[in-house]
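Thanks for coming, everyone. Please have a look at the sequence and the structure on the screen.

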Amino acid sequence: MKKNLSEDFSMEDSLEQIIQEKNLVYRPTRLMTGATLSYCPGCGHGTIHRLIMEVVEEMGIQAETIGVSPVGCAVLAYDFMDVDFTEAAHGRAPAVATGIKRLWPDKYVFTYQGDGDLAAIGTAETIHACNRGEQICIFFVNNGIYGMTGGQMAPTTLEGMVSSTTPYGRNVEQMGPPLKITELVAQLAGTYYVSRQSIHKAATVRKAKKAIRKAFEVQKEKKGMAFVEFVSNCNSGWKMTPNEANQWMEDHMFPFYPLGDIKVDGKLVKNVIQDL
Ligand SMILES: Cc1ncc(C[n+]2csc(CCOP(=O)(O)OP(=O)(O)O)c2C)c(N)n1
Ligand code: SF4
Ligand SMILES: [Mg+2]
């Protein structure tokens, strides 16, 4: 019969025996600085930061990694992730990252950008960096809205979606349809790995982490641009509770922005024309 621990050990002894490195099943990454996150409770940005840092830690590349932060809610990303960082003007992160990577080709360089930053003001920088096949990773957080500035319509805002500048819902006749920039860059010769992920459930968090790892491996092998989109929530901008926002994301965002790999090893694995 199994012995009761307390028969052999005092409470202190048993804790000492249990709390050992070999018994560790999880510890937070040491590459998050511990600074209090500036994000709303329920926001996806913090989880994506953590996953990027977990991958950097597991690959042992902290000293070689340089991030470029955006303008948007993640503007202070450099305070949270413990790697070298620089800030770019709104939308210019891929151009800044290009300069850094060309100067230091052995560094791991990534941008971290929202949909307003990457797919509106920074459209040109995004498309041309992808087309040139810069050896960087772009991490793109698509929450369908300009979160930081009060929830205005972004290029990614869904048809009929209410935002502060589309109080009656996005009208595609006036404003055009939502822009699937990820499907667009997947068609460019310079992109080697393109994927769309989410981080709202344990299973999707695991998949998202694999995609981040793959992106850094692509950079390590100098194969070309690795571009990972995260469909995420903005519960504040969407005027929902975190749970409602995640459900809304599943019901409305995922059908339009389907999750999964789009381009692997330089080859399209999805019919992106059909998905546009
Ligand atoms: C040149 C310039 N234009 C406009 C702004 C105002 N601005 C700040 S953040 C932002 C939108 C950010 O939205 P997004 O990139 O989607 O990030 P989120 O906050 O949703 O994560 C805008 C328009 C600015 N700071 N600089
Ligand atoms: S406004 Fe939206 S994107 Fe910004 S921190 Fe809050 S939930 Fe996140
Ligand atoms: Mg946004």
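This is a predicted model: local features need pLDDT of at least 70, side-chain atom pairs count only at pLDDT 80 or more; totals for chains, interfaces and linings use all residues.

Residues are numbered from 1 along each chain as its sequence is written, and chains are lettered from A and ligands numbered from 1 in the order in which they are written.

Start with ligand 2. Its shell includes C40, C43, H45, C73 and C234; a residue is near if its C-beta atom, placed from the backbone, lies within 6 Å. Helix 11, residues 235-238, gives the most, with 3 residues. Helices are DSSP runs of H or I, at least four residues, and strands runs of E, at least two, numbered from the N terminus.

Now helix 7, residues 123-132. Which of its residues are buried? E125, T126, A129 and C130. Buried means 20 or more other C-beta atoms, placed from the backbone, within 10 Å of the residue's own. They sit on the same side of helix 7, because they cover an arc of only 120° around the axis, taken from the directions from the helix axis to the C-beta atoms. After helix 7 comes G133, with a positive phi near 70°.

Two strands pair if DSSP finds at least two bridges between them. Strand 7 and strand 8 pair antiparallel over 2 bridges. There, V264 stands opposite K267 in strand 8.

Definitions and conventions:
A residue is buried if 20 or more other C-beta atoms lie within 10 Å of its own, exposed if 12 or fewer, and partly exposed in between; C-beta atoms are placed from the backbone.
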